[in-house]
Amino acid sequence: MNSSEFIGNVFIKDGTPLPGSSHFDFADCGSWKKVMNVDSYSMELMALRAGWYFSYIITAVKGGAYGLTQHSAINSALKRVIEAVSKSSFNSLEITEVTFHKTLTLYHVNVVANPRHLWPNPFLHDLDRLFG
């Protein structure tokens with residue numbers, strides 16, 4: 001595995017509304033789904049074409065984990081990042097950095113992601129619900 005396999009991957013929280021004209025293939029990741037064969041740039045273009053927004057938040061979320069295999073370490077680190085983003089109002093995330101280190105028999109993986117929000121308007125919440 002190399003880090004370029006993960007950079008740009010997009011994960012979306014289950015139940016997130018999607019633009020009507022868009023069709024995506026997903027891989028289940030618990031209460032989140034990995035969008036298959038679509039990177040963050042492509043997702044943003046599809047959203048804009050449908051009149052939606054794939055808002056980007058600059059504050060990064062980081063998660064690190066150790067594992068006996070590279071695969072188990074990345075799954076654990078990704079789970080930590082997803083848990084952190086789940087506590088926020090964001091419904092998506094983009095993997096922006098992955099680093100691998102092997103120490104003796106353990107792998108250590110750091111995953112950095114940016115919270116994103118796929119929504120029909122540029123705000124995190126429906127303003128009618130907040131002020132209506």
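Student: Which element gives the largest share of the lining of the largest pocket?

Tutor: The largest share, 4 residues, comes from H2. This is a predicted model, where local features need pLDDT of at least 70, side-chain atom pairs count only at pLDDT 80 or more, and totals for chains, interfaces and linings use all residues. Residues are numbered from 1 along each chain as its sequence is written, and side-chain values use heavy atoms, without hydrogens and water.

Student: How do I read a pocket?

Tutor: Rolling a probe the size of a water molecule over the atoms shows where empty space is left. A pocket is an open set of points on a 1 Å grid over the protein atoms alone, where a 1.4 Å probe fits, with protein on both sides within 12 Å along at least five of seven lines; lining residues have an atom within 4 Å of a point. Here the largest pocket is lined by 16 residues, and Phe6, Phe11, Lys34, Asn75 and Leu78 lie nearest its centre. Two or more lining residues come from each of strand E1 (9–13), strand E2 (25–29), helix H2 (70–86) and strand E6 (92–103). Helices (H or I, at least four residues) and strands (E, at least two) are DSSP runs, numbered from the N terminus.

Student: How many salt bridges does a search of the whole structure find?

Tutor: Side chains of opposite charge can pair when their charged atoms come close. The search finds 3 salt bridges (a side-chain nitrogen of Lys or Arg within 4 Å of a carboxyl oxygen of Asp or Glu). In one of them, the side chains of Asp14 and Lys33 meet at 3.7 Å, N to O. Asp14 is in the loop between E1 and E2 and Lys33 in strand E3 (residues 32–39), so this pair links distant parts of the chain, 19 residues apart.

Student: Is Lys33 buried or exposed?

Tutor: Lys33 is buried, at a relative accessible area of 15%, because buried means under 20%, exposed over 50% and partly exposed in between (1.4 Å probe, protein chains only). Asp14, at 41%, is partly exposed.

Student: Which residues are linked in a network of salt bridges?

Tutor: The network links Glu44, Glu94 and Arg116. Glu44 and Arg116 form a salt bridge with their closest N and O atoms 3.0 Å apart. Glu44 lies in helix H1 (residues 40–49) and Arg116 in strand E7 (residues 106–119), so the bridge ties together parts 72 residues apart in sequence. Glu94 and Arg116 also meet through their side chains, at 2.8 Å, N to O. Glu94 belongs to strand E6 and Arg116 to strand E7, so this pair ties together parts 22 residues apart in sequence.
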